[in-house]
Amino acid sequence: MFLKLLEAVLKTGNRMNVGTNRGDAHAFKLDTLLKLVDVKGADGKTTLLHFVVQEIIRTEGARLSDADQTQSSTVNEDARCRKLGLQVVSSLSSELTNVKKAAAMDSEVLNSDVLKLSRGIENISDDLRLNEKMASDESLEKFSESMNKFMKMAEEEIIRIQAHESVALSLVKEITEYFHGNSTKEEAHPFRIFMVVRDFLTVLERVCKEVGMINERTVVSSAHKFPVPVNPMMQPVFPVPVNPMMSQAFAGFQGRPRYGSGSDDETASP
């Protein structure tokens, strides 16, 4: 679902920027997701993210209901599809719970904690060697024997933790390069990519609730489908009819370069 959302944003951005140097983009930085709510329609309330969410819930709803949405679809059928689609999009936040947890972590603190554990084991080892030299009775010998067993287990565990840390940071670098194209710019804050997605998920949850309320009002106030104004010179972004309220709000954006992701060389999310 996250990849579908990225694809929808990319298609929408290309359509809005058609005819410009940004109109044929192949990727964008994840930071752009946080800017979607800054691009607003003619009504001053509906944002680009509202529009994208509406289109995804239509396509996902039609797919899940196994029914093609046509101009002759009833209002109830359309509403049912939208509810199904909205449930799928809304579940994205719960699916990416681990991303939220990762965003709350600090890579420097993680590395520092691992180093403290390693040094702590070394200090205990030094103390044990000192005690063994001074040991003269049976009780101290038993203590040393017990601690040596613990030390062997602890040292092996520390090695495993350090290996896990190395693998985890390597995977973070890999996913950063996949979504941002260049991980060297994020070396100072390697977990920032998770913060961006976490913040976006917070915004997405709010927008999903608002879209749900918009759709409920549409069902109540509309007993028939309104015609959707479409520029005949442009191919549709999505294979299903768009929500009339969303289309009217963003009718003025078609073909206008109002959407971007930063500098031209900053690309990533495929």
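The following questions and answers concern a predicted model.

Residues are numbered from 1 along each chain as its sequence is written, and side-chain values use heavy atoms, with hydrogens and water left out. In this predicted model, local features need pLDDT of at least 70 and side-chain atom pairs count only at pLDDT 80 or more, while totals for chains, interfaces and linings use all residues.

Visitor: Is V172 buried or exposed?

Guide: V172 is placed in helix α7, residues 138-180; helices are DSSP runs of H or I with at least four residues, numbered from the N terminus. Buried means under 20% relative accessible area, exposed over 50%, and partly exposed in between (1.4 Å probe, protein chains only). Because its relative accessibility is 10%, V172 counts as buried.

Visitor: Which residues does V172 touch, not counting residues up to four places away in sequence?

Guide: Contact means heavy atoms within 4.5 Å. R192 is 20 residues from V172 in sequence, and their C-alpha atoms are 10.0 Å apart. By the contact criterion, V172 touches P190, F191 and F194.

Visitor: How does F150 count in terms of accessibility, buried or exposed or partly exposed?

Guide: F150 also belongs to a helix, α7. Because its relative accessibility is 35%, F150 counts as partly exposed.

Methods
Helix = DSSP H or I, 4+ residues; strand = E, 2+ residues; numbered from the N terminus.
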